[in-house]
Amino acid sequence: MEIRRLDAPFGVEILGVDLSRAPDAETVAAINAAFVDNVVAVFRDQHFPVPDDFLAAARMLGEPMPPVTATYRLPGYEVIEELVNSATDRRTGETAPLMRGGSWHTDHSNLARPPKATTLHAIDLPPSGGGNTEFISMVMAYEALDAATKETLRGRRAFQAYLSRRAPRKLLTRTEAEREGSEGTWQPMVRRHPETGRDALYLNPMRCDAVEGMGEAEGDALLDALYAHCDNPAFRYSHIWRPGDMLIWDNRAALHQATPVRVAAERRYMHRIMLRGEVPAMAD
Ligand SMILES: [Fe+2]
């Protein structure tokens, strides 16, 4: 196995490992360390004959958890989702061009225990590669803040709703049962990573609705300034997909987004699994 830094401010690619066969404990520990230290890890050349093989590969790094909405579940699986740019909504039967995750966010931060990580496996990539998946290191973004802003954020929380009044796009309508536990929660604005001990901004332009101790105008201005600060090439990696890529990122330390497919008529098909996380810890 070889772990190489990406040609980017952060992230690694991992070569020479076949995740369809369970790696030994030492290899798993090295993989987990590379993933949490570098925020994003790309496993090259992964081929999973059946979805259970992808599930087993994801389990190597944590406990898979179901998404809030069941709409895109792979039939027969609670925790594997299909990610396809042209999908039939199983609830309404409508088929529409679809791009999920098309603006900066971190997955399911409206939950009291958000997923620590998300993994995608590219199954069918069109000749153009489809779109990219982009990341911001929220560790780097936090470290680059000025001292006064860090002080403003110290000990402060933001309310993360299922869908913020400020969100740039809409999300799926939830059933009554899916609403339970997913309406939103107060989260630390700076989060301490339980494995690396590093602090990261924990924000979400799709979900952050209010800043603790601030009125709406003041809170919105702070969030806008922070989002503008984060959206900087110095903290960004844009992943160009290759066949066989399995990507995993740390939701505790990154924002991510999908970019539009390069050729609208092309179909891209992936599987997604989220890994259960802990209650976010406030930084000191
Ligand atoms: Fe996402």
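# Notebook: loops, sheets and one buried threonine

I started with His108, which sits in the loop between strand 7 (95-97) and strand 8. One caution before I go on: this is a predicted model. His108 has a positive phi of about 55°, although it is not a glycine. Is His108 buried or exposed? His108 counts as buried, because it has 21 C-beta neighbours inside 10 Å, and the cut-off for buried is 20 or more.

Next I looked up Asp45. Asp45 is not a glycine, and yet its phi is positive, about 60°. I found Asp45 in the loop between strand 3 (40-43) and helix 2. I counted 14 other C-beta atoms within 10 Å of Asp45, so this residue is partly exposed.

**The whole protein**

Then I stepped back. I see six helices and 19 strands in the protein. How does the radius of gyration compare with the globule rule? The radius is 18 Å, close to the 19 Å that the rule gives for 284 residues, so the protein is as compact as a globular protein of that length. Along the principal axes, the C-alpha atoms fill a box of roughly 50 × 45 × 35 Å. Of the 284 residues, 40% are buried. I also checked the contacts with a separation of 6 or more: residues 24 or more positions apart account for 81% of them.

**Helix 2**

Helix 2 covers residues 51-59, and Phe54, Ala57 and Ala58 are buried in it. Why do I put these three on the same side of helix 2? They cover an arc of only 100° around the axis. What do the buried residues of helix 2 pack against? I noted strand 4 (64-65), strand 8, strand 16 (246-250) and strand 18 (269-275).

**Thr118**

Strand 8 came up again, so I picked a residue from it: Thr118 lies in strand 8, which runs over residues 117-124. Thr118 is buried, because 24 other C-beta atoms lie within 10 Å. Leaving out residues up to four places away in sequence, I found that Thr118 touches Asp107, Trp249, Asn251, Arg272 and Met274. I also took the distance from Thr118 to Val40: the two are 78 residues apart in sequence and 9.9 Å apart in space, C-alpha to C-alpha.

Which strands form the open sheet, and in what order? Three strands do, in the order 15-9-17, and the pairing is antiparallel. Strand 15 (236-239) and strand 17 (254-258) stand at the edges with a single partner strand each, so one side of each has no neighbour in the sheet. The twist averages 20° from one strand to the next. Strand 9 (residues 133-137) pairs with strand 17 over five bridges, in the antiparallel sense. One bridge I looked up joins Ser137 to Ala254 in strand 17.

Last entry. Strand 1 (residues 2-5) and strand 2 (residues 12-15) pair in the antiparallel sense over four bridges. Arg4 has Glu13 of strand 2 as its bridge partner. How many residues lie between the strands of this hairpin? There are six, and Gly11 takes a positive phi near 100° in the hairpin.

Notes
Residues are numbered from 1 along each chain as its sequence is written. This is a predicted model: local features need pLDDT of at least 70, side-chain atom pairs count only at pLDDT 80 or more; totals for chains, interfaces and linings use all residues. Helices (H or I, at least four residues) and strands (E, at least two) are DSSP runs, numbered from the N terminus. A residue is buried if 20 or more other C-beta atoms lie within 10 Å of its own, exposed if 12 or fewer, and partly exposed in between; C-beta atoms are placed from the backbone. Two residues are in contact if their C-beta atoms, placed from the backbone, lie within 7 Å. Two strands pair if DSSP finds at least two bridges between them. Axes are lines fitted to C-alpha atoms, for helices over the stretch in contact, and angles run from 0 to 180 degrees between N-to-C directions. The radius of gyration is taken over C-alpha atoms; the globule rule is 2.2 Å times the number of residues to the power 0.38. The arc is that of the directions from the helix axis to the C-beta atoms.
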